[in-house]
Amino acid sequence: MAIQTIGIIGSGAMGRGIAQLFAQCGRTVVLHDTQAPALQAALKYLSTTFDTLVAKGKLPADQAKEILARVSITQELAGLAQCDLVVEAIVENLAVKQTVFKSLEALLKPTAIIVSNTSSLSITAIASACQLPNRVAGLHFFNPVPLMKVVEVIRGVRTDASVITQLVELVGLTGHTAVQCADFPGFIVNHAGRAYGTEALRLLGEGVAHFNHRQDALAYQTIDQVLREQVLFKPTSASTPGQGFRLGPFELLDLTALDVSHPVMESIFNQFYQEPRFRPSPITAQRLAGGLLGRKTEQGFYAYQDGVLQKPIDLSLNTTTTSTASAPDLSPIVHAWVGPGLQRAAVVELLSALGTRIDDSSTPAHDSLIVLLPEGKDCTTEAIECQVAPERSIALDTLFAFGFKACKRRVIMTNPATDISYALRAAALFASDGCQVSVLKDSPGFIAPRVIALIVSVATEIAQQGIASPQDIDNAVRLGLGYPIGPLSMGDQLGARRILGLLEDMYSVTKDPRYRPGLWLRRRAQLNMSLLSE
């Protein structure tokens, strides 16, 4: 391995973490900062970290001492002169980084590699200040570095292939997963991550989760609940349980803080020349201006006290809330008519198990609840196409598990004409086996199908543009964002044709180009191929 001595510029949280990672894999580390107190604080942090690992039995004491001895500090940039690799981890400012890289180039041997840990700036632009841009690359770690097991290895337009090969090999020695990508805005993780939050914000802005006045103040909670509790992907191995998202999008925005996440949304949107898939929301712009940043200000979408989430009111509809709600008629549903759809037989089975008689006539009886099964369309469009009474119509989300006592949450959707008594009686019916029920206003694609379709769509566009390989896209997003499985695997589990149909239906209803399907998805759906196939 040619890279034996590694210099790190910047002794903050990222610099310390990178130093720990490389020292633990046997490299000699030289940590540089212009401020002596910062360097001493970094050494103390590393010493405390290794002591903690020893105390927990995760590291032998003598080994911890050896690792710490591999780390030295310097206030002078010249102290990095003998390094085989230098990692820059300082402020996200292009001019400052270019100045540092020019200084390093004059100092280091010609074979030394210079990389930036930037999360948002162009590697090519940074390298343009150098005489030898071919040895400049990106090495993007995630915080906390030792725990986040993925590293993006970014090739600028003039980066030598041998440089990327060496960096991938080095990352492998740390036990982390290296994912290779071209120098595009957001690289892989920040690029692919746009769909989850921005589509949730769009749902919030459309009032989809505002079923009644009780929910208006906390509509984002409904969206979080649906994406945490309804979404469930199959395990990727026998030892891995099926999983959904660990945090809802608004919980995640509170964790990352809006002063970090909103500028990233704006930056990627503008760097892709206003690509509609990445359109930010005025909701986060307003909340950022108002100082509602999230956990660190103790008030974001949710309230926090000493960093601990203050449990909000549960607004789910269940047998208790629906039976006590004020409405003209809350008598049990006797008959239900089910519209056409991929899951019609399973919905009929569920309704029968819930004690409802199935209206099998060609057109619904005058008192039957009408259960429609759109996937990418809204309840209004489906009611019109099925030529049924909209005031007795609701739609049921069938993308994920919804069977009798086989799910935690079901989602139903009304249209503007749906009678409130039918909506509440339908909610009571679907909650009668103990399941929680979320009731939405009309939306093309409900909540989960919309968000998942956008996640898959953005990932397929990354693959189509050749920014990264399909497998690296999946690995980067799964490890970097904590998704239950990679986005292309999500598309494969649900079916590429089904995702394509969702996007086409959402586009047909909204005419919004953010929902237009890309060619990578369309071609593989037409050929019945995996989205992971190159």
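Glu206 is partly exposed, with a relative accessible area of 38%. Here, buried means under 20% relative accessible area, exposed means over 50%, and partly exposed lies in between (1.4 Å probe, protein chains only). The model is predicted: local features need pLDDT of at least 70, side-chain atom pairs count only at pLDDT 80 or more, and totals for chains, interfaces and linings use all residues. Residues are numbered from 1 along each chain as its sequence is written, and side-chain values use heavy atoms, with hydrogens and water left out.

Glu206 takes part in a salt bridge with Arg450, the closest N and O atoms being 3.0 Å apart. A salt bridge is a side-chain nitrogen of Lys or Arg within 4 Å of a carboxyl oxygen of Asp or Glu. Arg450 lies in helix α17 and Glu206 in the loop between α8 and α9 (219–229), so the pair ties together parts that are 244 residues apart in sequence. Helices (H or I, at least four residues) and strands (E, at least two) are DSSP runs, numbered from the N terminus.

Arg450 also meets the side chain of Glu199 in a salt bridge (2.9 Å, N to O). This pair links distant parts of the chain, 251 residues apart: Arg450 is in helix α17 (residues 448–464) and Glu199 in helix α8 (residues 194–205). Arg450 is buried, at a relative accessible area of 1%. Glu199 is buried too, at 0% relative accessibility. A network of salt bridges links Glu199, Arg202, Glu206, Arg279, Arg450, Asp512 and Arg514. In the whole structure, 20 salt bridges are found.

Another salt bridge joins the side chains of Arg410 and Asp433 (2.6 Å, N to O). Arg410 lies in strand β15 and Asp433 in the loop between α16 and β16, so the pair ties together parts that are 23 residues apart in sequence. Arg410 is buried at 1% relative accessibility. Asp433 is buried as well, with a relative accessible area of 12%.

Strand β15 (residues 409–413) has five of its five residues buried, so it is largely enclosed by the rest of the structure. Arg409, Val411 and Met413 point one way from β15, and Arg410 and Ile412 point the other way. Strand β15 pairs with strand β14 (residues 393–396) in the antiparallel sense over two bridges. Two strands pair if DSSP finds at least two bridges between them. Ala395 has Met413 of β15 as its bridge partner. Strand β16 (residues 436–440) runs parallel to β15, and five bridges join the two. Within this pairing, Val411 stands opposite Ser438 in β16. From β15 the chain crosses through helix α16 (residues 420–430) to β16, and this β-α-β crossover is right-handed. Right-handed means that, with the strands pointing away from the viewer, the path from the first strand over the helix to the second runs clockwise.

Eight strands elsewhere form an open sheet with mixed pairing, in the order β3-β2-β1-β4-β5-β6-β7-β8. Its edge strands, β3 (71–74) and β8 (177–182), each pair on one side only. Neighbouring strands are turned by 25° against each other on average, direction ignored. Axes are lines fitted to C-alpha atoms, for helices over the stretch in contact, and angles run from 0 to 180 degrees between N-to-C directions. Strands β5 (residues 113–116) and β6 (residues 136–140) pair in the parallel sense over three bridges. There, Val115 stands opposite Ala137 in β6.

Two helices lie across strands of this sheet. Helix α6 (residues 161–174) lies across β1 (5–9), β4 (85–88), β5, β6, β7 (150–155) and β8, and runs at about 175° to β7. Helix α18 (residues 470–481) lies across β7 and β8, running at about 120° to β8.

The largest nonpolar core has 102 residues. A nonpolar core is a set of buried Ala, Val, Leu, Ile, Met, Phe, Trp, Tyr and Cys residues joined through side-chain atoms within 4.5 Å. The residues with the most contacts inside the largest core are Ile223, Leu227, Phe245, Phe250, Ile452, Ile455 and Met490. Helix α17 gives the largest share of this core, eleven residues. Ile223 is in contact (heavy atoms within 4.5 Å) with Ala200, Leu203, Leu204, Ala209, Pro249, Phe250 and Ile447, leaving aside its neighbours within four places in sequence. A second, separate core of 38 residues includes Leu31, Ala64, Ile113 and Phe141.
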